[in-house]
Amino acid sequence: MCIVSFLFQEHPNYKLILAANRDEFYQRPTKEVHFWEDEPNILAGRDLEAKGTWLGITKNGRFAALTNYRDPKYFNQTGKRSRGEIVTNFLKGNMEPKAYLQSLHKHHDEYSGFNVIVGTPDDLYYYGNEDKKVRKIEPGTHSLSNELLNTPWPKVTRAKSLLHEYVMNTDIVDPEVLFKQLKDREIASDEDLPKTGVSLSLERQLSPIFIRTEDYGTRSSTVLLISKDNKVQLIERTFNDGDFKEEHTFQFEIN
């Protein structure tokens, strides 16, 4: 997943408002969001190659989301564990969020570069194996792409601004507005592009919130709303080569 933007504990009606895009190679096999047959407590999409996931929530409110960290030193690494298991293991387990990340830190070099957010609608933490620090996420609007949390890449700054401006001026969030934000294809100007070790032309292609290239791009968009009374609404829209495929909606109350 390449961008996760969220408002945490700063809205009168919602504990968490999240809008996220998962970017991946088009040919990588993936199953849409569902309650897993082998872990029926977990609601998430699933990578069918490594069997992990990039974003999910459980019936009892455990939540996690992961992005890769973009740096050439992590490209084409072999012998590393799947980063998708980081999210899966948190969702399956019962370890407190901070303790889970502290435990993960002991094995941080077993994975290629990653960022992960774990916790509950009341308590969120962030860790990345590039800066190796467990951080408590404070109330407010945040965004995470393929650098550290809230690094001011153009897409991160734009996604944060779009989300914050809308949700702080509305009582009841309309998911359609958030999906429209997730479809934003504005390309950053060259002088604002980050330098992550890829070519300038690729930096341009990767700079929008919604990505569409010949063989890689946004595969799914997810909106997650958790109300003050712990009602969960999760909507996922999937895409084939940048074109809309289907939508799946789930609603439940955290137990």
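Buried means under 20% relative accessible area, exposed means over 50%, and partly exposed lies in between. The legends below use these terms, and the structure they describe is a predicted model.

**Figure 1. The salt bridge between R28 and E49.** The side chains of R28 and E49 meet in a salt bridge, with an N to O distance of 3.2 Å. This pair links distant parts of the chain, 21 residues apart. R28 sits in the loop between β2 and β3 (30–35), while E49 belongs to the loop between β4 (42–47) and β5 (55–58). R28 has a relative accessible area of 22%, so it counts as partly exposed.

Figure 2. R46 and D38 form a salt bridge in which the closest N and O atoms are 2.8 Å apart. The R46 side of this pair is buried, at a relative accessible area of 14%, whereas D38 is partly exposed at 45%. In the salt bridge of D229 with K231, the closest N and O atoms lie 3.2 Å apart. D229 is partly exposed, with a relative accessible area of 41%, and K231 is also partly exposed, with 44% relative accessibility. Elsewhere, salt bridges that share partners join R28, D47 and E49 into one network.

**Figure 3. The largest cavity and its lining.** A search of the whole structure finds 3 cavities of 30 Å³ or more. The largest cavity holds about 70 Å³ of space. Its lining is made by I3, S5, A19, A159, L162, L163, Q181, L182 and I209. At least two lining residues come from each of β1 (3–8), α3 (154–167) and α4 (175–182). Of the elements, α3 gives the most to this lining, with 3 residues. By class, the lining of the largest cavity has 7 nonpolar residues, 2 polar residues and no charged ones.

**Figure 4. The second largest cavity.** About 40 Å³ of space lies in the second largest cavity. The residues that line this cavity are R70, W153, P154, K155, L193, P194, E203, L206 and S207. Two or more of these residues come from α3 and from α5 (200–206). The lining of the second largest cavity divides into 5 nonpolar, 1 polar and 3 charged residues.

**Figure 5. The largest pocket.** The largest pocket contains about 1200 Å³ of space. It is lined by 37 residues, and E24, F25, N68, R83 and Y216 are those that lie nearest its centre. β2 (14–25), β6 (63–68) and α5 each supply at least two residues of the lining. The element that gives the most to this lining is β2, with 4 residues. Sorted by class, the lining of the largest pocket has 13 nonpolar, 12 polar and 12 charged residues.

**Figure 6. The buried face of helix α2.** Helix α2 covers residues 97–105, and within this helix P97, Y100, L101 and L104 are buried. Seen down the axis of α2, these buried residues fall within an arc of 95°, so they line one face of the helix. An α-helix has 3.6 residues a turn, so residues three or four places apart point the same way. The buried residues of α2 pack against α1 (84–92), β7 (114–120) and β8 (123–128).

Figure 7. K132 has a phi near 60°, a positive value in a residue other than glycine. K132 is placed in the loop between β8 and β9 (135–136), and this residue is partly exposed, with a relative accessible area of 38%. For N150, phi is near 65°, again a positive value in a residue other than glycine. N150 lies in the loop between β10 (140–144) and α3. At 26% relative accessibility, N150 is partly exposed.

Definitions and conventions: Residues are numbered from 1 along each chain as its sequence is written. This is a predicted model: local features need pLDDT of at least 70, side-chain atom pairs count only at pLDDT 80 or more; totals for chains, interfaces and linings use all residues. Side-chain values use heavy atoms; hydrogens and water are left out. On a 1 Å grid over the protein atoms alone, a cavity is a set of points where a 1.4 Å probe fits but cannot get out, and a pocket is an open set with protein on both sides within 12 Å along at least five of seven lines; lining residues have an atom within 4 Å of a point. Grid points are joined across faces, edges and corners, and a volume is the space filled by probe spheres set on the points. Ala, Val, Leu, Ile, Met, Phe, Trp, Tyr, Cys and Pro count as nonpolar, Asp, Glu, Lys and Arg as charged, and the others, Gly among them, as polar. A salt bridge is a side-chain nitrogen of Lys or Arg within 4 Å of a carboxyl oxygen of Asp or Glu. Buried means under 20% relative accessible area, exposed over 50%, partly exposed in between (1.4 Å probe, protein chains only). The arc is that of the directions from the helix axis to the C-beta atoms. Contact means heavy atoms within 4.5 Å.
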